Amino acid sequence: MSRTRTQIGNLARRSVLRTLRQPSYVIPPLVFPTLLVTVNAAGLRPSTLLHGFPTHSFLAFALAVPFVQGALFSTMNAGTELARDIQSGFLNRLALTPMRGSALLLGHVAGVMVLGFVQSVFYVCYALVVGVRFQTGAAGAFVILVLASLIAAAFGMLGAFLALRTGSGESIQATFPFLFVFLFISSMNTPRNLIAVHWFRLAATVNPVSYLIEGVRSLIISGWDGQALGLAFAVAAAIGAASVGLAAWALAGRLART
Amino acid sequence: MRGAGLRSYRSVALGVAWRTAHNALTTPNIVIPTLAFPFFFFTAFAGGLSQLERLPGFHFAQGYTAFQFVFVTLQAAAFGGVFTGFGIARDFEHGFARRLLLAAPNRSAVVVGYALAAVARWALVAALLTAVAFAVGMQVGGGGVELPGLYGLAILLNCAALLWSTGVAMRLRTIQAGPAMQMPVFLALFFAPVYVPLPLLSGWIHAVARVNPVTYLLEAGRSFVSGGTVHAGVAFGAAAALACLFAVWALRGLRRAEAAGA
């Protein structure tokens, strides 16, 4: 057990250091979502005039989006890094050692979780700087950090699965537009009950990303909402569990081929 | 330039254009984002934000789908230019651009070739986008004869964005210059009245949008879709001025690349 822990620790350390040493992995997930939310919040401020809009500040409403968008970047980063390990032969060399498959996956995802946590702290600080006050206070901010780290880990594991299946960094990059669909066809810009187009409202309702966004959003603008939070944690856990299963299956196949 | 010189110039421009367009349209990693992103934006904006047309002061008779169609068409044009710029940077990184510059008697033909490819790339997206927009019931005012005005603006914007990206690519000569090409274009597009008309914006975004040339392109484009010609002269003037300005930027970048022995 302690040997597995050591393996996880070593791989996690490598994953974290490798990520933090590459500005192109750290800076865009911090800058791009905050830039997008700033621009969108300014352009969509008139939305708050719609009857039934839940807050007078569109920035507070939209602030949940960077947390989930940052997690989407985790998918890309985690997948690209693991794909690079496959392409460079590092995974083949690891396969010759007594390393456990679970240690590889957990070590890999630990790096993603650390980055997800750092991103979330940055977004919370950004919110405070631009004057957004969390309805749930400091405790709510802490829950957001936990939830965002869980979401990052879930999507990071999804990235690991894609990398193990394709073995190509370029293929991981090519999946980015498809991941973006889930963000755009969600309640990111409008509460679901105010979406006027029926098919879009339906798509947003079946899209799990809507529930992740609404969970984070509830802590910022509504207060403690057990249903929204429960759904967000459940969806994140379900995506994580499914991704772990898929990644473990793909890893077994990848190691068998070596 | 006449006779053999003109033939040689045309040959280089068309050769570069064909190669660039062929790469862009047959490489899945390039063609998928090229086609997918405009449709994502169109779907997300026209579908997810259509309730904004109920806002007091929102007057656009053709509906929110047409309102957003104009933005997405112009956005696709601008990003078509930027994405072609990525290809130029990649050509430099892989050493192909060096061989290209050595082989071309008149090197500005290389830039013209890239520009032709960018327009071809945008034309494909615009054709599909227009077909989808009409299929989902987009309304167009007037006799529809004003619509080509929107496409004319989009082509000028496409060339301006391509020339901007070319200038950056030829100075930095690495694909890592991608954000430097993309971010200013992204900001210029989104610091305009994207979601609601200009009078409904307030605060800093209203002040920025008022001096942003893209605002005039959007307003003229939306007017074309309504069958009008509001701000048409200003919009074409602004788009042509941007294209000329960035043509100088691109050609000076070409000289830098030549001087660097790229």
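Helices in these views are DSSP runs of H or I with at least four residues, numbered from the N terminus, and the model in which they are assigned is predicted.

**View 1. Gly111(A) within helix H6 of chain A**. Helix H6 of chain A covers residues 101–129, and at 1.5 Å a residue its 29 residues should span 42 Å, which agrees with the 42 Å that separates its end C-alpha atoms. Gly111(A) lies in this helix and is buried, because 24 other C-beta atoms fall within 10 Å, where 20 or more are required. Apart from neighbours within four places in sequence, the residues in contact with Gly111(A) are Ala12(A), Ser15(A), Val16(A) and Thr19(A). Gly159(A), which is 48 residues from Gly111(A) in sequence, is 13 Å from it in space, C-alpha to C-alpha. After H6(A) comes Gly131(A), with a positive phi near 90 degrees.

**View 2. The contact between chain A and chain B**. Chain A contributes 24 residues to this contact and chain B contributes 26 residues. On the side of chain A that touches chain B, the elements giving two or more residues are helix H2 (23–43), helix H8 (169–174) and helix H9 (176–184) of chain A. The largest share of that side, four residues, is supplied by H9(A). Sorted by class, the side of chain A that touches chain B consists of 17 nonpolar, five polar and two charged residues.

**View 3. The largest nonpolar core**. This core has 171 residues, and those with the most contacts inside it are Val68(A), Ile151(A), Leu157(B), Ala160(B) and Leu217(B). Helix H3 of chain B, residues 64–93, gives the most to the core, namely 17 residues. When residues up to four places away in sequence are not counted, Leu217(B) touches Leu74(B), Leu153(B), Leu157(B), Ala235(B), Ala238(B) and Ala239(B).

**View 4. Phe71(B) in helix H3 of chain B**. Phe71(B) counts as buried, since it has 24 C-beta neighbours inside 10 Å and the criterion is 20 or more. Leaving out neighbours within four places in sequence, Phe71(B) is in contact with Val194(B) and Leu218(B). The C-alpha atom of Phe71(B) is separated by 9.7 Å from that of Ala192(B), although the two residues are 121 residues apart along the chain.

**View 5. The packing of helices H1 and H2 of chain B**. Helix H1 (residues 4–26) and helix H2 (residues 28–48) of chain B pack at an angle of about 80 degrees, and their axes are 5 Å apart. Because this angle falls in the range of 65 to 115 degrees, H1(B) is roughly perpendicular to H2(B). Asn23(B), Ala24(B) and Leu25(B) of H1(B) make the contact with Ile30(B), Val31(B) and Thr34(B) of H2(B). By class, the contact of H1(B) with H2(B) holds four nonpolar and two polar residues, with no charged residues.

**View 6. Arg173(B) and His231(B), two loop residues with positive phi**. Arg173(B), in the loop between helix H6 (147–172) and helix H7 (178–190) of chain B, has a phi near 55 degrees, a positive value in a residue other than glycine. His231(B), in the loop between helix H9 (213–225) and helix H10 (232–259) of chain B, likewise is not a glycine and has a positive phi of about 60 degrees. Arg173(B) counts as buried because 21 C-beta neighbours lie inside 10 Å, whereas His231(B), with 19 other C-beta atoms within 10 Å, is partly exposed.

Conventions: Residues are numbered from 1 along each chain as its sequence is written. Chains are lettered from A and ligands numbered from 1 in the order in which they are written. This is a predicted model: local features need pLDDT of at least 70, side-chain atom pairs count only at pLDDT 80 or more; totals for chains, interfaces and linings use all residues. The expected span of a helix is 1.5 Å times one less than its number of residues. A nonpolar core is a set of buried Ala, Val, Leu, Ile, Met, Phe, Trp, Tyr and Cys residues joined through C-beta atoms within 7 Å. A residue is buried if 20 or more other C-beta atoms lie within 10 Å of its own, exposed if 12 or fewer, and partly exposed in between; C-beta atoms are placed from the backbone. Two residues are in contact if their C-beta atoms, placed from the backbone, lie within 7 Å. Ala, Val, Leu, Ile, Met, Phe, Trp, Tyr, Cys and Pro count as nonpolar, Asp, Glu, Lys and Arg as charged, and the others, Gly among them, as polar. Axes are lines fitted to C-alpha atoms, for helices over the stretch in contact, and angles run from 0 to 180 degrees between N-to-C directions. Angles under 35 degrees count as roughly parallel, over 145 as roughly antiparallel, 65 to 115 as roughly perpendicular and the rest as oblique.
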